[in-house]
Amino acid sequence: MGTVLYPGSFDPFHLGHLDVVEQALHLFDGVVVAVMHNPDKPTGVLGTSLRVDIARAACAHLGRVTVEPFPGLAVEAARSAGVAAIVKGLRNTGDFEVEQQMAHTNLAVGGVPTVYVPCRADYSHISSRFIRDIAQHGGDVSSMIPSATVSLLAAQFPPRSAR
Ligand code: PNS
């Protein structure tokens, strides 16, 4: 079934993202997690190398997964990674509206199709934005991020208990 590109800003990579990677591994031969820039999210806070390190730590226990930073367009990343398709996770209809427009554009502009994976119902509340918000205030985000990434995020945002 080939390898797919999973592009995102991953600011930070969380349990919902890991679920998408794990579901994609059941469907495809491999997953390239592409850490990218979302121009609609200028308020992202983690630098590219930390976002890559966190995603790598989250996926380290999985075979057939690589994590790479990619500048530029998702369709260019797909081409340079040599993948046949893009995979995206959907939490709700709001995600669908945004993703559908990107999927149509990526197919029209780059000829790259997109496959959607519905997220686990118990992860549908998880978002990188809220994780950043809670972590920046010293709150506990450990229920929303892979355990292998807790210390990396805590180094950036010391929890209230450690202040
Ligand atoms: O995790 P996000 O923020 O929802 O991911 C969005 C992302 C990074 C995949 C999207 O902004 C993107 O593809 N950025 C790369 C630039 C690009 O290809 N833009 C055209 C999209 S149709």
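Sorted by class, the lining of the largest pocket holds 15 nonpolar, 18 polar and nine charged residues. Here Ala, Val, Leu, Ile, Met, Phe, Trp, Tyr, Cys and Pro count as nonpolar, Asp, Glu, Lys and Arg as charged, and the others, Gly among them, as polar. A pocket is an open set of points on a 1 Å grid over the protein atoms alone, where a 1.4 Å probe fits and protein lies on both sides within 12 Å along at least five of seven lines; lining residues have an atom within 4 Å of a point. Please keep in mind that this is a predicted model, in which local features need pLDDT of at least 70 and side-chain atom pairs count only at pLDDT 80 or more, while totals for chains, interfaces and linings use all residues. Residues are numbered from 1 along each chain as its sequence is written, and side-chain values use heavy atoms, with hydrogens and water left out.

How much space lies in the largest pocket? About 1,300 Å³, where a volume is the space filled by probe spheres set on the points, and grid points are joined across faces, edges and corners. Of its 42 lining residues, Asn38, Lys41, Lys88, Glu99 and Met102 are the closest to the centre. Helix 4 supplies the largest share of the lining, eight residues; helices (H or I, at least four residues) and strands (E, at least two) are DSSP runs, numbered from the N terminus. Elements giving at least two residues each include strand 1 (3-8), strand 4 (85-90) and helix 4 (93-110).

Five strands form an open, parallel sheet in the order 3-2-1-4-5, where two strands pair if DSSP finds at least two bridges between them. Strand 3 (65-69) and strand 5 sit at the edges, each pairing on one side only. Strand 1 and strand 4 are joined by two bridges, and leucine 5 has isoleucine 86 in strand 4 as its bridge partner. Helix 4 packs on this sheet, touching strand 4 and strand 5 (contact means heavy atoms within 4.5 Å), and its direction makes about 170° with that of strand 4. Axes are lines fitted to C-alpha atoms, for helices over the stretch in contact, and angles run from 0 to 180 degrees between N-to-C directions.

Strand 4 and strand 5 (residues 114-118) run parallel, joined by five bridges, and valine 87 stands opposite valine 115 in strand 5.
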